[in-house]
Amino acid sequence: MAQLHKNLTNKRLIQLLKSEKNINAALNLFNSASSNPSYTHSAAVFHHILRRLSLSDDPRLLPHITRIVDLIRVQQCSCSEDTALSVLKIYSRNLMAERAMEVFQKMKEVFGCEPGVRSYNCLLNAFVVSNKLDKAELFFKHFRTMGVSPNLETFNILIKIACKKSDFGNARKLIDNMWEMDLIPDVYSYGTLINGLSKIGDLTEALKVFDEMLERGLRPDVTCYNILIDGFFKIGDYKAANVIWERLTNDSCAYPSVVTYNVMISGLCKCGRFNEARELWERMTKNEQKMDLFTYSALIHGLCESGDIDGAERVYKEMAESKISPDAVVYNAMLNGFFRVRRIKDCFELWELMGREGCRNVASFNIMMRGLFSNGEVDEVISIWELMKGSGFLADSTTYGILVHGFCENGYNNKSLHVLETAERNGGVLDAFAYSAMINGLCKESKLDEAVSVLKGMITSGCKPNAHVYNALINGFVAASKFEDAIRLFREMGNRNCSPTIVTYNTLINGLCKGGRFVEAYTLVKEMLEKGLKPGVITYSLLIKGLCRSHKIEMAINLWNQVTSNGFQPDVQMHNILIHGLCSVGKTQLALSLYLNMNYWNCAPNLVTHNTLMEGFYKNGDLKNASVIWARILRNGLQPDVISYNITLKGLCSCNRISVAILFLHNALTNKIVPTLITWNILVRAVVLSGSRK
């Protein structure tokens with residue numbers, strides 16, 4: 001710090017303050033001068049130091065503001081409105097609207113000046129940024145009382161208020177009023193409204209406002225373009241975003257900024273258009289466009305999501321060469337990418353680097369544990385979990401969800417239950433995902449009482465069960481044929497304002513059909529329709545499969561005719577279920593008719609369809625039609641599998657065509673089909689029976 005002369009002047013102090021680039025050093029210099037009994041600060045010195053403080057966003061400097069304002073009051077130094085404005089801006093930026101109000105009210109007393117329209121605007125904005133919108137509107141009425149005429153900045157703040165309150169009609173009206181008053185709106189006026197509309201997803205109206213600017217002779221700046229591009233990407237409208245991008249590149253008055261490229265690259269990656277994102281990156285490089293941390297982060301994340309980890313590594317290395325230090329977001333994207341392609345060694349190397357660089361956060365631990373679980377590395381997960389707790393990181397709901405789900409998926413239900421109970425006991429944040437994973441894991445082990453206990457604990461802890469939680473437990477009850485419990489839980493969902501989903505209905509319908517309770521299953525389908533839920537292929541397939549399994553073929557056919565006559569289009573799986581049902585009761589001609597009619601539904605039969613029909617014909621002793629189906633398999637370009645050959649071998653052997661069956665076996669071996677135990681059992685049994693008949 002520069003040494004102060006005992007005969008210090010205001011002019012000299014200002015020179016010294018300007019030479020100090022560090023704000024803390026400048027403050028020390030100012031404080032040193034303040035303690036000099038032969039020196040008194042001037043208005044210019046106060047203005048300089050307060051302006052410097054207003055440019056810093058370090059909240060630790062706030063106590064200095066109060067002390068300097070008190071010094072102005074004690075010295076009774078008459079300052080300009082600009083000096084008071086610096087103080088107002090500092091309090092505004094730090095969301096201290098009430099403190100700003102105190103300064104505003106005492107401007108004459110403390111600074112010796114009256115507040116002008118700029119001070120009124122600054123306080124108005126302080127209320128807005130502190131989200132005290134009602135106070136802001138009340139204060140605006142004070143403008144007229146005090147005879148202050150609103151200016152362009154005032155109207156821009158009022159537009160901001162209207163947009164924050166989602167009162168876009170009023171925001172439009174304010175702009176119209178400005179034109180009527182010959183107070184020409186600027187780019188900020190329109191940009192605020194465009195941004196507000198974009199945030200709520202009303203891009204149609206936002207684009208109209210944008211075009212109105214041009215019609216009225218105002219040239220939109222790059223920020224307006226960026227807002228629209230980002231807005232269209234957020235609603236998944238790539239084409240519209242690209243149109244705005246093209247308009248920007250053709251605009252002679254606005255040019256893409258690094259923010260524009262960031263928005264484009266991020267948006268393209270979110271839309272899955274990774275090649276276009278990479279092309280844009282290359283364009284930036286070619287044009288020597290400066291890239292920032294977000295640019296690298298967006299592209300690395302996108303490439304990792306697409307599975308192009310090699311491309312992500314190239315960008316990562318280029319980032320290092322550009323002297324831009326990766327943050328936790330970049331490291332996490334790379335970590336996730338390595339796990340996606342199962343490069344576990346690279347995951348651990350990166351993890352160690354993140355530790356050395358101090359770039360691990362809760363999300364890093366979550367990614368690491370999820371990736372290790374997916375690779376069955378349970379012991380490593382436990383080590384990472386212990387490291388997380390020992391490093392002082394607080395687990396979030398995602399952490400607990402990963403642990404509970406991961407332990408369950410890897411067969412460690414007891415560990416999973418321990419994590420859940422520990423979290424509940426210690427006030428950990430648990431969400432529905434963690435509870436549904438635990439309930440699902442317990443149901444798979446048929447521990448239904450424990451699963452019910454977990455549900456009760458969830459409700460007691462204040463976490464509202466969602467459909468996934470109920471579906472997991474209902475599925476558990478259905479699997480255990482405890483249909484009454486499943487139905488009771490299903491009805492409980494409605495009482496807890498949790499609407500059953502199509503998955504819920506399908507789970508119950510499947511269980512009821514397996515239990516032969518078709519009337520109740522049909523009632524559920526009717527209930528679905530009444531609630532506006534459209535039964536899909538899965539629902540009808542479950543019903544038809546249940547009916548066929550119970551040999552209620554006529555009912556299955558009637559249901560098929562009913563749904564198809566109403567315009568429902570069955571898929572290949574639904575065809576296969578009914579064809580199998582018809583063949584199982586010997587109705588092969590009806591099954592053949594259904595097969596031949598599949599083209600009407602634009603539905604191509606698959607290998608399962610042909611195998612099912614062929615097996616049905618062989619069971620009926622109809623070798624001719626069975627051979628026709630085999631020929632159709634080959635003609636349709638399908639490759640017979642070991643099941644196809646087993647069906648054929650069994651069918652031929654059952655008709656005592658063993659020599660032909662042997663030829664088919666040779667054909668299977670020629671086509672590199674590996675016979676199974678079933679294959680050899682069929683042939684051995686046929687040979688033994690043939691020998692006994694002789």
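A residue counts as partly exposed when its relative accessible area falls between the buried range, under 20%, and the exposed range, over 50%. This structure is a predicted model.

**Salt bridge between glutamate 445 and lysine 447**
- The side chains of glutamate 445 and lysine 447 meet in a salt bridge, at 3.1 Å from N to O.
- Glutamate 445 has a relative accessible area of 38%, so this residue is partly exposed.
- Lysine 447 is also partly exposed, with a value of 29%.

- Arginine 118 pairs with aspartate 82, and their closest N and O atoms are 2.7 Å apart.
- Because arginine 118 lies in helix H8 and aspartate 82 in helix H5, this pair ties together parts that are 36 residues apart in sequence.
- Arginine 491 and glutamate 527 form a salt bridge at 3.3 Å, N to O.
- Arginine 491 belongs to helix H29 and glutamate 527 to helix H31, so this bridge ties together parts that are 36 residues apart in sequence.
- Arginine 491 is partly exposed at 43% relative accessibility, whereas glutamate 527 is buried at 13%.

**Helix H32**
- Helix H32 covers residues 537-549 and reaches 18 Å from its first C-alpha to its last.
- Its buried residues include Tyr540, Leu543 and Leu547.
- Helices H30, H31, H33 and H34 are among the elements that cover the buried residues of H32.
- Histidine 551, which follows H32, has a positive phi near 60°.

Technical notes
Residues numbered from 1 in each chain as written. Predicted model: local features only at pLDDT ≥ 70, side-chain atom pairs only at ≥ 80, totals over all residues. Heavy atoms only, no water. Helix = DSSP H or I, 4+ residues; strand = E, 2+ residues; numbered from the N terminus. Expected span 1.5 Å × (residues − 1). Buried < 20%, exposed > 50% of the residue type's maximum accessible area, 1.4 Å probe, protein only. Contact = heavy atoms within 4.5 Å. Salt bridge = Lys/Arg side-chain N within 4 Å of Asp/Glu carboxyl O.
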